[in-house]
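Dear colleague,

Please find below the structure that I am handing over to you. My notes on what was found in it follow directly after.

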Amino acid sequence: PVVLGIESSCDETGAGLVRDGRLLGHAVSSSMDEHARYGGVVPEIAARAHVHALAPVVREALALAGLTMRDIGAVAVTTGPGLSGALQVGVAAAKALAYARGVPLYGVHHLAGHVAADTLEHGPLPDPCVALIVSGGHTSLLLVRDLARDPIVHLGDTLDDAAGECFDKVARVFGLPYPGGPAIDRAARGGDPRAVAFPRPLTGPGDTPWAFSFSGLKTAAARWAERQRTGGAGLPLADGAASLQEAVADVLTRKAVAACRAHAVDTLVLVGGVAANSRVRNLAGERCAAAGITLRVPPPWLCTDNGAMIAAVGDLLIRAGAAPAPLDVSVDPSAPLTSAALRPAQRAT
Ligand code: ATP
Ligand code: MG
Ligand code: FE
């Protein structure tokens, strides 16, 4: 069947259409600009923006695919994690559409969506693979078997800030616009990545190998910016941005490659908004090539939030024979990532 995927966990309203692992069409609308003057996502504004954007985004995705609502065979929706009010808008719409069309509904974990995004570009994931999710709210190193059927094993997570959060917060003290990740990426162009020796947290011999920490790096970058402002060395902002990006990319890729080696896994899947970062992508490419590891990274638009990745999980769940969610399924704003389906995926027999 054609699966309609709906995403509304944060500030992107996304709709995507997937059948048998293939993307048929998708559309995204972002309320990013409305949050810019507050320096971060305002939940109430995000929820209201989803109300306005949802129907147009679904219509646009259908039009691009040359389909109508009558062609939809299932609806998949992000039920968590994310902002409660934002999630509720997408889930309410998905329930209404599934009920009206008489098709099954699937509740999807947003982060499993980030992982599944890559299948739309590069085909089915090998079993096993190591996945590194680096996004605005999460940084997790995972051992993934069959994404639709098997439990997801966390090798390590961030102990404090997410990598994307570090970029977003440092961008703010650098005086760069929101969202900070893309702004740091742009500001780093032409900068010297070795200009500032920022720390590489949790990479020492006694440190827990797969966990991450970015709050110390964030503080170090903020202190550096403050020193430049108050008449320090007066290094260009580009040097600070490039050095910060280098530190984040170094830690992420070093740990991800080491995790592949330690678990004898030959494929690394790098996903989430920070996987759109140019230096993270390049360094991951270099280090995986050197280690004989196959690197899979989706194109940038599939790294950030979208509906296609949610449809991709729905499609995988259906093909794995997972049971649909009941129409009274609720949102789970802090859902831990233990499986792709947000309800225990019972296998239909
Ligand atoms: P989560 O997926 O954890 O719930 P989210 O959905 O808000 O959080 P994503 O949409 O996956 O996060 O990614 C957004 C994050 O990615 C933001 O922190 C943003 O700054 C970062 N980001 C996007 N593009 C880039 C880039 N080119 N370089 C660095 N960071 C980037
Ligand atoms: Mg976003
Ligand atoms: Fe996300």
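Which of the 23 residues around ligand 1 come nearest? In this predicted model, they are G136, G137, G164, G181 and G273. Two elements give two or more residues to the shell around ligand 1, namely α5 (163-173) and α6 (180-187). Of the elements, α6 gives the most, with four residues. Sorted by class, the shell holds 14 polar, six nonpolar and three charged residues.

Confidence in the model

The mean pLDDT of the protein is 95, and 97% of its residues reach 70 or more. Strand β1 (residues 2-7) has the highest mean pLDDT among the elements, at 99, whereas helix α1 (residues 32-35) has the lowest, at 93. One stretch calls for caution: over residues 344-349 the pLDDT stays under 50. For that stretch the model has ten contacts beyond four places in sequence. For the complex, the predictor gives an ipTM of 0.98 and a pTM of 0.96.

The sheet that contains β1

Five strands form an open sheet of mixed pairing, in the order β3-β2-β1-β4-β5. Its edge strands, each pairing on one side only, are β3 (22-30) and β5 (105-109). From one strand to the next, the twist averages 20°. Strand β1 pairs with strand β2 (residues 12-19) in the antiparallel sense, over five bridges. Within this pair, V3 stands opposite V18 in β2.

Two helices may be described together with this sheet. Helix α11 (residues 308-319) packs on the sheet and touches β1, β2, β3, β4 (72-80) and β5. The direction of α11 makes about 135° with that of β1. Helix α2 (residues 43-65) lies across β2 and β3, and runs at about 150° to β3.

The sheet that contains β6

A further open sheet is formed by five strands in the order β8-β7-β6-β9-β10, again with mixed pairing. Here the edge strands are β8 (153-157) and β10 (294-296), each of which pairs on one side only. The twist in this sheet averages 20° from one strand to the next. Helix α4 (residues 110-122) packs on the sheet, where it touches β6, β7, β9 and β10. The direction of α4 makes about 115° with that of β9.

Is strand β6 (residues 129-134) largely enclosed or largely open? Six of its six residues are buried, so β6 is largely enclosed by the rest of the structure. The side chains are divided between two directions: C129, A131 and I133 point one way from β6, while V130, L132 and V134 point the other way, and all are buried.

The neighbours of β6 in the sheet are as follows.

- Strand β7 (residues 139-144) is joined to β6 by six bridges, and the two run antiparallel. They form a hairpin with four residues between them, and C129 stands opposite V144 in β7.
- Strand β9 (residues 267-271) is joined to β6 by four bridges, and these two run parallel. In this pairing V130 stands opposite L268 in β9.

Further along, four bridges join β7 to β8, which run antiparallel. There, L141 stands opposite G156 in β8.

A closer look at L268

Finally, I would draw your attention to L268, which lies in strand β9. Why does L268 count as buried? A residue is classed as buried if 20 or more other C-beta atoms lie within 10 Å of its own, and L268 has 24 such neighbours, so it counts as buried. Leaving aside residues up to four places away in sequence, L268 touches V130, L132, A256, C260, C288, I293 and L295. Two of these contacts, V130 and L132, point the same way from β6. As a reference across the chain, the C-alpha atoms of L268 and S8 are separated by 27 Å, with the two residues 260 apart along the chain.

In reading the model, please keep in mind the stretch of residues 344-349, where the pLDDT stays under 50.

With kind regards

Methods:
Residues numbered from 1 in each chain as written. Chains lettered and ligands numbered in written order. Predicted model: local features only at pLDDT ≥ 70, side-chain atom pairs only at ≥ 80, totals over all residues. pLDDT = per-residue confidence, 0-100. Contact = placed C-beta atoms within 7 Å. Near = placed C-beta within 6 Å. Nonpolar A, V, L, I, M, F, W, Y, C, P; charged D, E, K, R; others polar. Buried ≥ 20, exposed ≤ 12 C-beta atoms within 10 Å, placed from the backbone. Pairing = 2+ DSSP bridges. Axes fitted to C-alpha atoms, helices over the stretch in contact; angles between N-to-C directions.
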